[in-house]
Amino acid sequence: MNSVEVLVIGGVAAGASFAARARRLNEAAHITVIERGPDVSFANCGLPYHIGGEIPTRDVLAVQTPQSLKALLNLDVRTRCEATTIDRANKRVHVRDLNSGHSDWLGYDKLMLAPGAAPLVPAMPGADDPRVLTLRNLQDMDRIAAAAAAGMRAVVVGAGFIGLEMAEQLHRKGLSVHLVELQAQVLPQLDPKMTLLLESELRRNGVGVHLGEQLTQFKVTDNSIHAWLASGKVLDADFAVMSIGVRPETALAREAGLKLGQRGHIVVDPFMRTSDPDIYAAGDAVETMDRVQKEPTTVPLGGPANRQGRVAADHLFLGDKARPYPGSIGTAIVRAFEVAAGVTGWTEQRLGKAGIEHGTVTVNDHHHATYFPGAKPLTLKICWAMDTGRLLGAQVTGQEGVDKRLDVLATAIAARMTVEDLCHLELAYAPPFGSAKDIVNLAGFAATNLRDGLVQRVDALPNDPAVQLVDVRGKALADAYPVEGAINIPFTALRGNLDKLDHDRPVVTLCTAGKMSYFAARVLSQNGFQVSSFSGGIKGNLDPRVPAKV
């Protein structure tokens, strides 16, 4: 087996997985990993949960050390060591030891770039105060954990995945937490209606949620910092955590003349090679192919980073036997207290902005059979290509079973399945685990009904007084939580009360979760009415005519 000099810049997910796979494929290679920080391999997705105490022991997050990697994989790991220049012509990297200040050149036959991405901190007054924190590594985690004590006040800026985790964990630790988001919803990666349960859960637990608010500055005093919002609102805190996104650490690649994408990420081919065939790149700093629409995308997540590192090592040592990286889907999930939400593939918002013709449907059901104790409600939304019915994206939210459905749908997207295929997926069923017709099947049924023309659907309650709104919920529920302008005819009484409706005026049926309004629409359409069903029901609706609790 030929010896080859392999140099890896950056550890954690992509770099460490590349180095580990490379060693398993070639025992003779000399593999050097340089890492700017003090930790070469750690579970960065677990950082918020140690801050909040759910992961009580810090040591479990330090997955490997230089010593353990030497013993396990015979890797030469150098922490606190920074790469400053790549000399492509001479195939060497200038490296500086951050502890001693000593500099040297390290040669390579093949180079892997896995520099990751850094948290964004906007240039604004007060943002450089040491009490304005970010979360990227174990040291950041330690700083936040040291700053956070029960009874203190924290402002979390950004309500994406990390921001929600931080808000939850700081609250869990006993802090007063305010969450600020520029968009008009929490978790902007999802469609607005799919985030309402998350927002409600945050508020229910006492987190201050400030949506559609832009942070303009921090005013700092000796004892506190004050977050000023564009609306004029001021939030007082002991510290702040910025979680508004990340930027790729690609200065080294840019200075080396490697090709970068429009947003500054390193462009790679399906085998993770950069524009220099002797240099690979993987992880948060790279631009890969979107698996849904076959266009460039960036997905800064740990799962893709690990798999990309493996692909690169396979190409280096297996040659023609190596399999290309198939692209990224962007499957992600988050928990906020008792509610989880996740997304895979493209959302309706994203498809609309891209001008892609698509269909959507939202369905509601429970995570297992309702007659078995403990059934919790789920909401699932899917998007599909209008011409072929191919699944393009899905979102799920609820208290239990969100991850299971999300994983099924991510697999379906990867397999380029259609909504018709979802109808006949055989998913595990026993009363404690699921239903005979899983909510994934129901989404397929609903989408297929739309494609077959069995129902017309509206996504918003019409304001046209000529339209008859027919609420088919039971009378007690409709009386307790009335929808403004709607006529209540319970579905069980609908067939006997058709004379109460005007055949010459269009009808929109509605119910709590969408199922009964579909049933009602089928009855009315077959009795000569021009009828549409209100998609997904009023449970997750944003219309002010709908009561907050239904």
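Asn-74 is partly exposed, with a relative accessibility of 36%. In this predicted model, Asn-74 sits in the loop that links α3 (66–73) to β3 (76–79). The residue is not a glycine, yet the phi angle of Asn-74 is positive, near 55 degrees.

A positive phi is also found at Phe-337, another residue other than glycine, where the angle is near 60 degrees. Phe-337 belongs to the loop between β22 (332–336) and β23 (339–345). The relative accessible area of Phe-337 is 14%, which places it below the 20% limit and makes the residue buried.

Strand β4 (residues 81–87) is largely enclosed by the rest of the structure, because five of its seven residues are buried. Strand β5 (residues 92–97) runs antiparallel to β4, and the two are joined by six bridges. Within this pairing, Ile-86 is positioned opposite Val-93 of β5. The hairpin formed by β4 and β5 has four residues between the strands, and Lys-91 in this hairpin adopts a positive phi near 50 degrees.

On the surface, a nonpolar patch is made up of Tyr-371, Phe-372 and Tyr-429. Together, these residues account for about 340 Å² of accessible area. Tyr-371 is located in the loop between β24 (358–366) and β25 (377–385). With a relative accessibility of 59%, Tyr-371 is over the 50% cut-off and therefore counts as exposed.

How values were computed:
Residues are numbered from 1 along each chain as its sequence is written. This is a predicted model: local features need pLDDT of at least 70, side-chain atom pairs count only at pLDDT 80 or more; totals for chains, interfaces and linings use all residues. Side-chain values use heavy atoms; hydrogens and water are left out. Buried means under 20% relative accessible area, exposed over 50%, partly exposed in between (1.4 Å probe, protein chains only). Patches are made of residues with over 30% relative accessible area and no salt bridge: like charges are joined within 9 Å, nonpolar side chains (Val, Leu, Ile, Met, Phe, Trp, Tyr) within 5 Å. Accessible areas come from the Shrake-Rupley method with a 1.4 Å probe; for residues, only the protein chains shown count as cover. A salt bridge is a side-chain nitrogen of Lys or Arg within 4 Å of a carboxyl oxygen of Asp or Glu. Two strands pair if DSSP finds at least two bridges between them.
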